[in-house]
Structure formats: structure tokens, C-alpha cells
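I am opening my notebook to record, step by step, what I looked up in this structure.

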Amino acid sequence: MPGTGAARVLPTWALPTWVLLAWVLLALPPSLAQTQPSGRRWVTEKEARFDTTYTDWVGADLINIYAFNHSVRRNRTEGVRVSVNVLSDHKDLPVLFVVRQKEAVVSFQVPLILRGLYQRKYAYQEVSRTLCQPQTKAEVETQHFYVDVSTLSLNASYQLRVTRVENFVLRTNERFSFNATAAQPQYFKYKFPEGLDSVIVKVTSAMAFPCSVISIQDILCPVYDLDNNVAFIGMYQTMTKKAAITVQKKDFPSNSFYVVVVVKTEDEACGGALPYYPLSKNASPDEPVDQHNRQKMLEVTVSPAITSEAYVSSMLFCLGIFLSFYVLTLLIACWESCRQQKRKGLLAAMDSPSLDTGHARSIPDSFLGHAPYDSYGYGSFGECRAPSLASPPVGGRPCHPPHLAVLAGNGSSGSTEGITDSMGSAEVPYGYVGQEQFKRRTPSALMRPLSIAMGERSLENVAGRPRLDSLSSVEEDDYDTLADIDYDKNVIRTKQYLCVADLARKDKRVLRKKYQIYFWNIATIAVFYALPVIQLVITYQTVVNVTGNQDICYYNFLCAHPLGNLSAFNNILSNLGYVLLGLLFLLIILQREINYNRALMRNDTHALECGIPKHFGLFYAMGTALMMEGLLSACYHVCPNYTNFQFDTSFMYMIAGLCMLKLYQKRHPDINASAYSAYACLALVIFFSVVGVVFGKGNTAFWIVFSVIHIVATLLLSTQLYYMGRWKLDSGILRRILHVLYTDCVRQCSGPMYVDRMVLLVMGNIVNWSLAAYGLIVRPNDFASYLLAIGICNLLLYFAFYIIMKLRSGERIKLIPLLCIVGTSVVWGFALFFFFQGLSTWQKTPAESREHNRDCILLDFFDDHDIWHFLSSIAMFGSFLVLLTLDDDLDCVQRDKIYVF
């Protein structure tokens, strides 16, 4: 017999029966003695040694037993590894190896059969297993273990080798490289040193495939280290090139754990292709496949995780950043309040008679400025000189006679309007055909009551009405809210050049209620949306903690810091900015509304009839949406994955839509969309987002349908905006379109009536048609981001058009909104840079997603995506401030002098 050690060979037929039974009971363990069958069989036992290769054979009538012993020390752990290789080819009659040791029994057959997807079988001739090391309380203890080899084959040759595992115990911050295969898994032990409560186990490989599994298991026997049982206990995740698991000391009573590395039989779980499964005519479908040398080189490192002090400092840093905006806002408000008090005192001094002349002192125009109230003091009204009605509109363009659109589909005829303003104080006729003309007189004193351009109401009449009536009995559908109930809306809304006064004729109480519905609706949506979301993500986190399956959630595992039951607390904490800045924006809007209402109560003429009409409902909705974006983004990052992606994007769509609506509402308050229709459209957008993610990947039919819907919706919206809603979608629409084409293109070549609107809509259609073509041709995998990009592109296009038209109309941008625009643009640029770093993606398998993982970059606590959260929340807050303050330069300009675009 090869090998070393004494061997005893006792043929059962050569001894009396009672001698044989006594020898078996003494030499063999009870289990083997009880199960040994009767008949002619040889049982051999050898004293074996480590690091020696035993080449032997075994048959149906022969059982080989190898006895090993080694010393175990209490303060030192050594790994023991058993490696076997069956040289015979008897797949139907495998060789069974049983390792009997203290507190554990490990058995495996060779060829080792492991199953893959669709119950495919894979056979392995070479098998290596590391033995579980039982604990000892003695300083030094000698432990014995036995390797039994048996088979039903007549003759099966094999090789057996038992070795000690070097570097079985991993050390902190020391790299260790090793090989592993599906039949030769590896595991190592790590013990927490004193003063270290948390570590990160990082495993890397230069090769993506074969797919492997990294598992963290408690020090228990047996160790689950095969592809078919590695997921039974502990924490685990699949791996291609990177894997990282954060381990906390509190989860392991023995203050130590095993790092188990298993190579999978197939790569499908890591995004790889299934192997070719050869089937010959004579082969059975259950025939196992030999995968030959399927091994992977890996490197493991155990690094200390951050301390509790780092958690505290990171939370204070996060709070400090966003609370500083509160302090800055308070300082600006106090500074503006002091400035206004000084201005009021100087105005009072200027109004007092001079001691020398007895006349009031003159006030320079440069001191008075143009704002009737201080926009940056968040709504405080100051003194301002009344504008002269004799001046032309801000852009130098008069409100020209109206022209009715052919697409309106009615028989209304055009009318003319006299709008020539006199520079003196003479009476000027001002009216429309079909309406009794009225006269207005240009004020000659400094604060003489203003008159309005559209109708017979003077500021005395307007100011005399109660402005804050209860809204409980006011319904928009009860009556026509236009001031002139019998006047055709087409006459006003189809004028070539509109003024804000033309589109601000509805009762302010009704409009206030209309836009308040935006806030109440989004608040209701938020409650009903958030509650099940919170419940769902808590369930997800519970499943991850109970099962240990870390493939459920797509974290950046190289920078995922747990806290309590949360696996990635840093990704949740970084969303705090959305909530705090959204709340700050709501407080700013509340202060503005309070001051505006106070101005209405004291019948301030500028608050009544000057500047862009003040409606705060959409602003409240925007602030609420920003807060909900923070809450739902935090919920999404509790366990980011394919099934809850819409939590992170739903309110982003709403924010983009609300910003566009608010920008349009500024100069079109009477004809802006209602809350019901707006939220219905946003619901359709979210619906398409879900359908696109679930069914859109590689689906040609879906992309064709979506592109057609996108283009048709763009055309319908363009028509709605071009004609200010004065058109009808009915059976006669084609006839009217042909009539317009014939009259404007065939009979006479005339340009568009509304040139500015046409330029905007042509640019918008070019952008949207290009985006539709891009989606149809490229078919991006991230449909949710593609859909969000469509909304953002349209918002940026409309905002750029608004700025250009504002400057083209002779208006100006004050210092504060200009600084907000510049600062917000810079912050958005940096935010998008960090967003496109792509630290994880649920569009790939969890193992492929981990290839994008990166280490923390800020305070060893926050990663690139956390920086995106910080910067994007600040950028959104700045964008909201831009919308809030953009038209503050018009607060002293009468509305019939403000151009609509």
C-alpha cells in the first residue's frame, strides 16, 4: 500500500464470528459498526499524516479508513483541508468520502454532482473541502478525525491529501489571494480585535467569470460552502469582480466569523450566458456535464469600518449645511427689513416741508426703485411711486387689436381696440367693438388712484371691495368669472399682442381657490402614496435582514454604512436636504402670502393691480413636492431595486411639471391648467414610466407606440398653447386645418400671427421629435431617466424662452434672481456630474451592479450619489427661488403694460 503508517488487514472469513464482531465494535465508530453489511468485506485503517498524498483504491468489498490527529491551541486556529481526486470513471458508482471529527461529520461523493438552472447536472472529479474547526477550552488539545472511503464500484482508484491551511485566519488590512472552484470552495476565519466594532469584507477579482458567491457565516459546524447550500445561513451576495459586506461585531456572539467563497456552477446569476449543454443521441438528458477547470482567482481584504464618532460628525455636517440656509434666509430678511425701515424714515423726512422753502423735498427716482414691496424680505410692502398709465407697455409694444383664430371653430368676428395713450391728462377713449366705450384719466398727482385698462373699474372701486372673502361658497362653475360676462373670450385671447391684464380678468377669489387645489391635491396624493411605500420598504429591509440575501437591494456596498436595521443609512441621511429646503421654501411662501394679504387688506393699489398676479397655490405644491421627493427618495434607498424605482422618480416628474405650470401661470393666470387635469397628465407620465421599465427593454412595439403618443401629445399641446385654448378638437378640425393652410399658404403667403409663440413651439417640437427619434432608434435601457430627461428638456427650453422674451420686452432681471440663476446653474452642473457617476444600477444583475461600486469620498461616510442628493436639493431650492423672484422687477408696473409671452 502506498503512503506511510501501520496498516491492519483482517479478512472476515479467516476469523470466528465472535472475534470479528468484537474487533469491529472496538475498531470502528458505532455508526459504521451498525451499518456494515454482512458478506465478505475488507476494512483497513491507516495512521495517516498531513501533507502526504495517498494513492489507493477501494471497492465494494473494501473500506479504507485514514486516521489523523493534530494539536489544537486555544489562542491559535489552524485550518485543515481535505483534497480528493477520483481517477476511475464510474459516474454511476461514485466514491463516498466521510470525514468524522469532533462535533461535525462532513460527507461528499466524487464525482461531485451539483445542479444548476433547469436542474442541469455538473460533475466534478476533483473535490477539496476545508474542515470546520471545533473550539477548545484547554490550552492545548489533541484532536482526532477520520476519513472513510467506500464505494459500490468493483474497483475505484483515488488520491487523498490532507493539508493545513496557511493564512486561515485573516488579518485586518492584509490582502490574501487564493483560488476557488465550484467543487473546491474556500473559507477563512476573522476575529474582531479589541476596540473594533465593525469591518468591511472586500473581495475582488480580475476576472468577471465564473460567477461566485461571498458569504459571511457564524462560527458553527457544519460550514455551508457549496453552491447548493451557501444561502442557507448568514449574509451572502453574488460577485463578478467586486463584492463588499459590512459586518458588525454585535451580530456574532463569538466575536468572529467565517468568510466563505463559493464558485457557482453557472454564470446566469451574474449576468453571464448559460453554458452549452451537449446532448448526443445516445446520451441521457440527465447525463452530468464535466466543466473541467472552472476556477477563479480572488483576493480578500478585511478593513475597519467607520466609528460611531464618524456617524455623529456626518449627521452634524448634514444638518449644518441645510440649517445654514435657514440662518442665511433669516439674515437676509432682517437686512431687508432694516433697509425698508430706513427707506420709510427717509421718505417721511422727504415728505415733510423744508424749513427753507416750506415745500416738500424731491425724491430721486434712483432711490425709489420700482418694487412696491420688498421681494427679498419675503413680502414686506414698502413705498413706491405709482406708474403712469400714459407710458406704453414694458416692451414698447401696444396691445394690438385682436384677431380671431380660424381653429376656434366659431363665427366670432374681429374687432378693433383703441389703445393710444396720451401723455397728458386728457380723456382717452378705450374700448372694444360690442362694448360701451369707457374713458380713463391719467393721474396727475404722485399717488393718484390708478385706473385699469380693461373695463370700467377704477382702483377706488376695486380697493373698496373686500379682498379676503370666504371661499367656501365660491365655485368657478357657478358663473362666468370674466368681468364682462357677455364678452366673447376669443376677442381677448386671440389678440396678436396680449397684456397680462387680458389674461387676469377672472375673480381673484376663484383663482386663489383654483390654485390652492394644487396644494391640497398633492398633499392628499403624498399621504396615500407615502404610507404604503414606507410599509413596503420596511418589509424589504426586514427580508434582507432575515434571509441575509444582499442581492435584493442595489447598494453601493463599498460605502454602505448600516445603522440599526437600515443597511445604508448614509444614502437615507443625504436626502434630508430635500425635506429641510422644501420646508424652508414653504415658510418663505407663507411669509410672502401673509404680507400680500396684509397689503390687500389695507387696499394697497400696487398689490391690487400691479405686477404679475400673485397666486401661491402652485408654490405650495412645489415645496410639498420637494419634501416628498426627499421622503420617497429616502424610502427608495432603504432598498433600491427594480420593483420600487418609481418611488425615487414619481415626484421628480411632478416637480418638473409644476415648475412648467408655474412659469406658464405667471402671465396666463386665467387659462392655466386646473389641478385635476394637471395631476391626471402627470399620472399618465408615471404610468408610462412603469410600463416602459417593465416592458420597454428591447420591445420594438412599445417604443413605436410611445413615440407616436409623444409626438401626438406634443402637437396637441402646441396647438393649445398657440391658440390660448381657443380651439376645438371635433369632427371639423381637419376642415379648419385645411382652410388655414389654404388661406395662409396657398391664397396668400402670410407669416404666423403669433410669431413669438410660434418660435417657442417650433423649437419645442424639434426637441421633442428629436427625443422621440432618439428613443425609437437607441431604445435606452433606463426608461425612467429618459422620460425625466424629456420633462427637464422641455422645462429648460421654456425657461430659456421666458428669459429671452423677458429681456426682449424691455424688462430686467434684478440682482437677487440673477445671482440665483447663476448659482443654481453652477450647482446643477456639479450635481449632474455626480449623478452620472453611476455607483449602482438595477438594470443589471446585482453582481454586475457591484462592479460600479466605489469608496466613500466625503468624510468617509458619503459617496458620489449622496453628493448628488446634497447638490440637487440645493439646486432645486435655488430653482424655486428663481421662479419666485424672477418677475419682481414688474411689481410696480401696471398689468396692462406687461407683455404676455
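**Entry 1: Charged pairs**

I began with Asp 551 and Arg 850, whose side chains meet in a salt bridge with 2.5 Å from N to O. I keep in mind throughout that this is a predicted model. When I looked up the places of the two residues, I found Asp 551 in the loop between H7 and helix H8 (569-573) and Arg 850 in helix H19, so the pair ties together parts that are 299 residues apart in sequence.

Are these two partners buried or exposed? A residue counts as buried when its relative accessible area is under 20%. Asp 551 has 16% and is therefore buried, and Arg 850, at 1%, is buried too.

I next looked up Lys 666 and Asp 887, which form a salt bridge with an N to O distance of 3.7 Å. This pair also links distant parts of the chain, since Lys 666 is in the loop between helix H12 (646-665) and helix H13 (675-695), while Asp 887 is in the segment after H20, 221 residues apart. Lys 666 is buried, with a relative accessible area of 6%, and Asp 887 is buried as well, with 4%.

Then I turned to Lys 806 and Glu 811, whose side chains meet in a salt bridge at 3.0 Å, N to O. Lys 806 counts as buried at 0% relative accessibility, and Glu 811 counts as buried at 5%. Which residues are joined by salt bridges that share partners? I noted that Lys 666, Arg 667, Lys 806, Glu 811, Asp 887 and Asp 889 make up one network of this kind. For the whole structure, I wrote down 19 salt bridges.

**Entry 2: Aromatic rings**

The structure holds 53 aromatic pairs. I picked out Phe 317 and Phe 862, whose ring centres are 6.4 Å apart and whose planes stand at 40°, so the pair is tilted. This pair links distant parts of the chain, with Phe 317 in helix H3 (residues 308-351) and Phe 862 in the loop between helix H19 (846-850) and helix H20 (864-885), 545 residues apart. Phe 317 is partly exposed, with a relative accessible area of 30%, whereas Phe 862 is buried, with 0%.

I also looked up Phe 325 and Phe 877, an edge-to-face aromatic pair with 6.0 Å from centre to centre and 80° between the planes. Phe 325 lies in helix H3 and Phe 877 in helix H20, so this pair ties together parts that are 552 residues apart in sequence. At 5% relative accessibility, Phe 877 counts as buried.

Ring pairs can also link up into a cluster, and here I listed Phe 687, Phe 688, Phe 702, Trp 703, Phe 706, Tyr 774, Phe 783 and Tyr 786.

How many residues does helix H7 have? I found 40, running over residues 508-547, and a reach of 58 Å from the first C-alpha to the last, close to the 58 Å expected at 1.5 Å a residue. Gly 548 follows H7 and has a positive phi, near 80°.

H16 has 24 residues and reaches 34 Å between its first and last C-alpha, close to the 34 Å expected at 1.5 Å a residue. Several residues of H16 are buried, including Asp 756, Leu 760, Gly 764, Asn 768 and Ala 772. I noted that the buried residues of H16 pack against H14 and helix H17 (783-808). Just after H16, Arg 779 takes a positive phi of about 55°.

**Entry 3: The surface**

Which residues form the nonpolar patch on the surface? My list reads Ile 704, Val 708, Val 712, Leu 716, Tyr 774, Leu 776, Ile 777 and Val 778, with about 700 Å² of accessible area together. Helix H14 (700-722) and helix H16 (755-778) each supply at least two residues of the patch. Ile 704 has its place in helix H14 and is partly exposed, with a relative accessible area of 43%.

**Entry 4: Overall figures**

Of its 901 residues, 52% count as buried. The protein exposes about 41,800 Å², and carbon and sulfur atoms supply 61% of that area. Among contacts between residues at least 6 apart in sequence, 78% join residues at least 24 apart.

Terms used
Residues are numbered from 1 along each chain as its sequence is written. This is a predicted model: local features need pLDDT of at least 70, side-chain atom pairs count only at pLDDT 80 or more; totals for chains, interfaces and linings use all residues. Side-chain values use heavy atoms; hydrogens and water are left out. Buried means under 20% relative accessible area, exposed over 50%, partly exposed in between (1.4 Å probe, protein chains only). Contact means heavy atoms within 4.5 Å. Accessible areas come from the Shrake-Rupley method with a 1.4 Å probe; for residues, only the protein chains shown count as cover. Patches are made of residues with over 30% relative accessible area and no salt bridge: like charges are joined within 9 Å, nonpolar side chains (Val, Leu, Ile, Met, Phe, Trp, Tyr) within 5 Å. A salt bridge is a side-chain nitrogen of Lys or Arg within 4 Å of a carboxyl oxygen of Asp or Glu. Helices (H or I, at least four residues) and strands (E, at least two) are DSSP runs, numbered from the N terminus. The expected span of a helix is 1.5 Å times one less than its number of residues. Rings of Phe, Tyr and Trp (its six-membered ring) pair if their centres lie within 6.5 Å; planes under 30 degrees apart count as stacked, over 60 as edge-to-face and the rest as tilted.
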